[in-house]
Amino acid sequence: MTLKLSAILGTAALVASPALADKAAVLDNYADIAQAKYADSLTTAQALQEAVNALIETPSADALAAAKQAWINARVPYQQTEVYRFGNAIVDDWEGKVNAWPLDEGLIDYVDPSYGGATDENEYAVLNVIANPSFKLSGETIDASEITPALLEGQLHEADEVESNVATGYHAIEFLLWGQDLNGHEAGAGARPWTDYAMGEGCTGGNCDRRGDYLKAATDLLVSDLEWMVAQWQDDGAARAELVADEKAGISAILTGMGSLSYGEQAGERMKLGVLLNDPEEEHDCFSDNTYNSHFYDALGIRNVYLGSYTSIDGTVVSGASLSSLVAEANGDVDAELRGKLDATMLEMSEMKTAAEAGFAYDMMLERGNEKGEALIMGAVDALIDQTRSIERAVAALGVDEIAFEGSDSLDDPNAVFQ
């Protein structure tokens with residue numbers, strides 16, 4: 001399949017390296033783009049909040065479908081912010097509240113018997129907070145008669161310091177909207193019935209009122225968390241201030257985010273690991289089967305940061321001095337190489353996205369022996385690795401101190417994955 005990049009990326013396609021810029025201007029534009037991306041993430045989360053409230057108030061198949069679509073819409077700008085992790089401590093320290101995965105969904109709600117029970121790694125894997133208004137947690141009796149944002153954030157999330165006890169964020173909401181995906185390597189997402197939110201005799205799954213309370217609390221918390229992050233990138237925000245305080249460290253932060261997301265996080269933990277294990281549970285958006293979109297927009301986020309241009313959800317383009325211009329000034333060949341590699345990655349991502357939208361689900365791609373699926377995923381993985389090598393060359397061209405990008409056993413020591 002041959003696709004033109006301009007058709008895939010629209011107004012963001014094939015942006016030429018802009019005029020040369022100084023480091024301060026590059027950092028200001030990087031912060032402006034962060035603010036715009038988080039503002040869009042907030043706007044779409046608020047639309048999700050409205051859809052969730054409508055579902056809870058008047059449950060129906062249409063209301064559930066609308067809430068699901070609002071969730072998918074909300075992922076588009078948020079995934080493009082992930083390039084701000086790693087290099088920006090404020091973001092990385094906060095991110096686990098909003099996008100942690102994978103999660104032991106039995107902590108939250110009912111699960112299929114095939115899910116199993118508590119494990120040595122997580123005794124709360126099937127706690128089912130929705131069904132239990134009171135329970136023991138770390139030896140303490142917890143009053144969960146009211147499910148509130150404070151309960152989710154303060155007591156449940158990462159309970160006992162177990163990372164898979166994810167009680168908040170996009171993926172907790174995703175599970176509450178879709179339910180478990182029990183299709184294995186077959187096409188199909190979770191199939192939670194709308195009647196899981198119905199009142200009275202029509203309620204399925206039990207505890208429909210508490211399920212609605214949990215969904216509302218998690219969504220309200222997501223909105224408030226995004227409001228906080230938007231403020232960090234305003235003109236007087238802490239994240240912006242930390243970034244611009246030291247120009248050399250600020251440029252290093254941009255490169256660290258690009259390289260770490262590109263290599264260890266996305267190519268390794270989010271993509272190659274699933275291929276090695278042939279496990280549909282290694283999908284990033286595993287309940288909704290939206291993983292291909294999350295991968296696509298993660299990669300796009302890396303690209304638009306390097307080029308210094310972001311197209312907002314309302315069509316507004318936020319652009320200015322770019323890292324690309326600094327690299328071009330230092331070494332034009334490296335800049336041209338990296339821009340070409342970023343474009344190549346987006347082509348591979350679009351091949352995968354197009355196939356998934358045509359019915360070749362990401363679950364199916366992960367099945368052992370599915371050569372076409374492995375080729376689609378590994379084409380994107382290899383492109384991400386290849387662009388990371390060019391990011392390393394950009395680091396050298398700019399004379400930035402050596403950066404240790406996030407690694408992954410999936411890429412660096414695959415045998416360790418099976419130990």
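1. The largest nonpolar core holds 94 residues, and Tyr-84, Leu-156, Leu-177, Tyr-214 and Trp-233 have the most contacts inside it. A nonpolar core here is a set of buried Ala, Val, Leu, Ile, Met, Phe, Trp, Tyr and Cys residues joined through side-chain atoms within 4.5 Å; buried means under 20% relative accessible area, exposed over 50%, and partly exposed in between, with a 1.4 Å probe and protein chains only. Helix 2 (residues 23–57) gives the most to this core, 14 residues. Helices (H or I, at least four residues) are DSSP runs numbered from the N terminus. Another core, of 25 residues, lies apart from it, with Val-275, Ala-356, Ile-377 and Leu-411 among its members.

2. A word on the model before going on: it is predicted, so local features need pLDDT of at least 70 and side-chain atom pairs count only at pLDDT 80 or more, while totals for chains, interfaces and linings use all residues. Residues are numbered from 1 along each chain as its sequence is written, and side-chain values use heavy atoms, with hydrogens and water left out.

3. What does Leu-156 touch, leaving aside its neighbours within four places in sequence? Leu-156 is in contact (heavy atoms within 4.5 Å) with Leu-107, Leu-127, Val-129, Phe-135, Leu-137, Leu-151, Asn-165, Ala-167 and Tyr-214.

4. Do look at helix 10 (residues 291–307): 17 of its 17 residues are buried. From first C-alpha to last, helix 10 reaches 25 Å, close to the expected 24 Å; the expected span is 1.5 Å times one less than the number of residues. Gly-308 follows helix 10 with a positive phi, near 70 degrees.

5. Just after helix 14 comes Gly-399, with a positive phi of about 70 degrees.

6. Is Ala-63 buried or exposed? Ala-63, found in helix 3 (residues 61–79), is buried, with a relative accessible area of 13%. Not counting residues up to four places away in sequence, Ala-63 touches Leu-55 and Thr-58.

How values were computed
Helix = DSSP H or I, 4+ residues; strand = E, 2+ residues; numbered from the N terminus.
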